[in-house]
Amino acid sequence: MSDNKCDAMKNLLEVSFALDDLRLFLDTHPYEKEAISCYQLYKDQRNKVLEEYEQTFGPILSYNVNDENQWTWVESPWPWEGEV
Amino acid sequence: MWSYERRLQYPVKITKPNPKMAQLIISQFGGPDGELAASMRYLSQRYSMPYKEIAGLLTDIGTEELAHMEIISAIVFQLTKNLSLEEIKTGGFDAYYIDHTTALWPQSAGGVPFNACFFQSKGDVLTDLHEDLAAEQKARTTYDNILRLITDPEIVDPIRFLREREIIHYQRFGEAMVRVQERLDSKNFYALNPEIDKLMVNK
């Protein structure tokens, strides 16, 4: 995997993890304003990072496959293969 | 429903195969305190959970456990990639190899197959949350045991991430327990069966 792809994936994992952790916190603290605004902030960041990754390196979500001639969902190595 | 993201929650890149370690770490896939039992526990318990925020917590932690099962599976897969027959024999992987070649199959380090009796779904919010708190600690202990036996930083790194998540989940389940206890009738000293006996609980 190229350095660019690695960096793009790392950015996606980091911002997604921030949301995964905050989500659990908000489940038990639904009125914490600071956590809610953090969630919104990281959500916007993730949308941006996800879109950038998918445009350059292919789909993360099958809903976002945007193919004309070829089904790219099954094309690149799967996540468990250790490419990242 | 669920949708798949084509990524791991935490990256796994192991360059040195180690069939012996794979056979030990596989316990966190299909063993008594593994990630398969964890995800099935929370995703089964949520239906009868009377409090919507705790049903949400079970859904979200159960979903994260599925991602942890994938991380463990990726570790085992990469530790057993391209093994020679000699490595299979000397690495103590021969018994597993006879039944599963190098495919993933949920079992404990001792070879005991996955069993739904590894977890409980009891239909009582206090019973279930105590089960969940204990489960997170048992999984954390198992990761501690694994960490004492491994030195390869490529394996240590994702295992430490998974260990840390057990602590966070324990924290969140503890908060859920407090939320439930706050709603108990003050006469319910022993915190009994609020789910079925609605009289004892303020919703």
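Ile25(B) touches Ile72(B), Ile75(B), Val76(B) and Ile146(B), leaving aside residues up to four places away in sequence; touching here means C-beta atoms, placed from the backbone, within 7 Å. This is a predicted model, where local features need pLDDT of at least 70, side-chain atom pairs count only at pLDDT 80 or more, and totals for chains, interfaces and linings use all residues. Residues are numbered from 1 along each chain as its sequence is written, with chains lettered from A and ligands numbered from 1 in the order in which they are written.

**Nonpolar cores**
- Of the 43 residues in the largest nonpolar core, Ala22(B), Ile25(B), Ile71(B), Ile72(B), Ile75(B) and Val76(B) touch the most other members.
- A core joins buried Ala, Val, Leu, Ile, Met, Phe, Trp, Tyr and Cys residues through C-beta atoms within 7 Å; buried means 20 or more other C-beta atoms within 10 Å of a residue's own.
- Helix 4 of chain B gives the most to this core, with 11 residues.

**Helix 7 of chain B**
- Helices are DSSP runs (H or I, at least four residues), numbered from the N terminus.
- Among the buried residues of helix 7 of chain B are Leu129(B), Ala139(B) and Ile146(B).
- The buried residues of helix 7 of chain B pack against helix 1, helix 2 (27–30), helix 3 and helix 8 of chain B.

**Where the chains meet**
- The contact takes 20 residues from chain A and 28 residues from chain B.
- Helix 4 of chain B supplies the largest share of the side of chain B that touches chain A, 11 residues.

How values were computed
Two residues are in contact if their C-beta atoms, placed from the backbone, lie within 7 Å. Helices (H or I, at least four residues) and strands (E, at least two) are DSSP runs, numbered from the N terminus. A residue is buried if 20 or more other C-beta atoms lie within 10 Å of its own, exposed if 12 or fewer, and partly exposed in between; C-beta atoms are placed from the backbone.
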